[in-house]
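The following report concerns a single predicted model.

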Amino acid sequence: MTRMVRAAALVGVLALAVSGCGGVGGDGDEGGGTATEGTLSTMGFGLSDEIAATRVDAFKRDNPGVDLKITEGAFDEQQFLSAVASGNPPDLVYMDRKLIGTYAKRGSIQPLTDCVDKQDIDMGQYRPAAKEQVTLDGTVYGVPEFSSVRVLYLNEALLRQNGLTVDDVDLANWAGLPALNAKLATVSGGRLSRIGIDPKIPEFLPMWAKANGVDMLSADGTKANLDDPKVVEALTTGVRLIQDQAGWGKFKSFRDTFDFFGAQNPLAKNQIVAWPMEEWFLNQAAKNTPKAELVVKPFVDRQGRPVTLSSGLAWVVPKGAKNPDAACAFMKKVTANDTWVAAAKARADARKAAGQPFTGVYTGNVAADKRIFDELYQPTGNKRFDDAVATIRSVQDAAFAMPASPAGAEFDKAWTDAVNRVLSGQAQPAEALARAQQEATAALDKASK
């Protein structure tokens, strides 16, 4: 049985009519509890750095009566669904925002209507793209955390070796990308030793499609648009860039050796020239390779306008949570302006003590970000990193996100499988996406009913 089928089977018993319910904090909530007492258990979260630790400490300080039990580790879908199905879920779960629509529709997470009202959580402070991902049919089901966006990273030293400048890398000119890629990549005897342009597919196909003027999913999350010729063109463009670099198998094997979190990252080892990636890599580059000739530019559409895909995680309360009120208080506290600023200050202080530059913290909270950059951020003195920070901040407002969908997980699987079939040579782009359109439409129609 596939992972998706097992997940669907587990949550089938949870298909409860939650629309219109108050949800967390309502008088009819199971388990009751208050924000100042009882046990509060979490899933999918860990105290991996000073950002997390500072915010958790702030909650503990304000809620000494709560016995907070954090289960370290990433979100595990099967573990989560099994816990909900058994009636013994954690009180609070940290998960990818793109999953929220699916779980909300199936009834495995609770609406936060009463939570937002009781705790006076200002949903207007969160970035629009993040807020849209936690809202299904007008009801809020999650509180957003970080806001991750994609930008274009360039190794200027390698560009210069090839007689090029950063301005020669024009992602608006799709027709010119294969020739540029051929100049930048190093392929000899069928062996790839340097990536020229990495399109980052399957992951970033929605961004390439958006750059080509099309959304893969309707704004209400109910209609797939995977067989649109513009999506086909976007996939064809990305696949060719990979095929021209020794093919998917060798390309992926080479890329899988990269250590983006260490001093021997692909920028330092000159293993890649141009690639779109999340903004967090700037933080790692500043920490590990501050002397690298890195340039960061916006990812752009075919008219040269900035476009970026936003993603991130959010806090949700499962159906059957024993202490939803404490969960709600936690969500508010760890995403509040003052808490984010305190966490960012801890990061800035840690970087200063280590003699490393602080490149900011990018949250899902617009007001918090403004304070972080107004009150804490100082130019590093390294123009490359300072310009990169300005670029990342500028594209936040150009961000879009995949909409919340009642079958978001199934939709994701349909188009990702299609891309993988093309990359592995099992299908052509139009054929693969036509099949994905049928699969996604069936899942969305079923979920919408």
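## Cavity

K98, Q133, L217, M402, P403, S405, G408, F411 and D412 line the largest cavity. A cavity here is a set of points, on a 1 Å grid over the protein atoms alone, where a 1.4 Å probe fits but cannot get out, and lining residues have an atom within 4 Å of a point. The search of the whole structure finds 1 cavity of 30 Å³ or more, and about 60 Å³ of space lies in the largest cavity. Volume is the space filled by probe spheres set on the points, with grid points joined across faces, edges and corners.

Helix α17 contributes the most to this lining, with 3 residues. By class the lining has 4 nonpolar, 3 polar and 2 charged residues; Ala, Val, Leu, Ile, Met, Phe, Trp, Tyr, Cys and Pro count as nonpolar, Asp, Glu, Lys and Arg as charged, and the others, Gly among them, as polar.

## Basis of the model

The model is predicted: local features need pLDDT of at least 70, side-chain atom pairs count only at pLDDT 80 or more, and totals for chains, interfaces and linings use all residues. Residues are numbered from 1 along each chain as its sequence is written, and side-chain values use heavy atoms, leaving out hydrogens and water.

## Largest pocket

The largest pocket (an open set with protein on both sides within 12 Å along at least five of seven lines) has a volume of about 1400 Å³. Among its 48 lining residues, S148, E278, W280, S311 and L313 are the closest to the centre. Elements giving two or more residues to the lining are α2 (50-62), β3, β10 (272-278), α12 (280-288), α14 (337-353) and α17 (408-423). Helices (H or I, at least four residues) and strands (E, at least two) are DSSP runs, numbered from the N terminus.

The most is given by α12, with 5 residues. The lining divides into 21 nonpolar, 15 polar and 12 charged residues.

## Sheet

Five strands form an open sheet of mixed pairing in the order β2-β1-β3-β13-β6, where pairing requires at least two DSSP bridges between two strands. Its edge strands are β2 (66-70) and β6 (143-144), each pairing on one side only. Strand β1 (residues 38-43) runs parallel to β2 over 5 bridges, with G38 opposite V66 in β2.

## Disulfide

The structure holds 1 disulfide (cysteine sulfur atoms within 2.5 Å), joining C115 to C328 with S to S 1.8 Å. The torsion about its S-S bond is about 90°, so the disulfide is right-handed. C115 lies in helix α5 (residues 113-118) and C328 in helix α13, so the pair ties together parts 213 residues apart in sequence.
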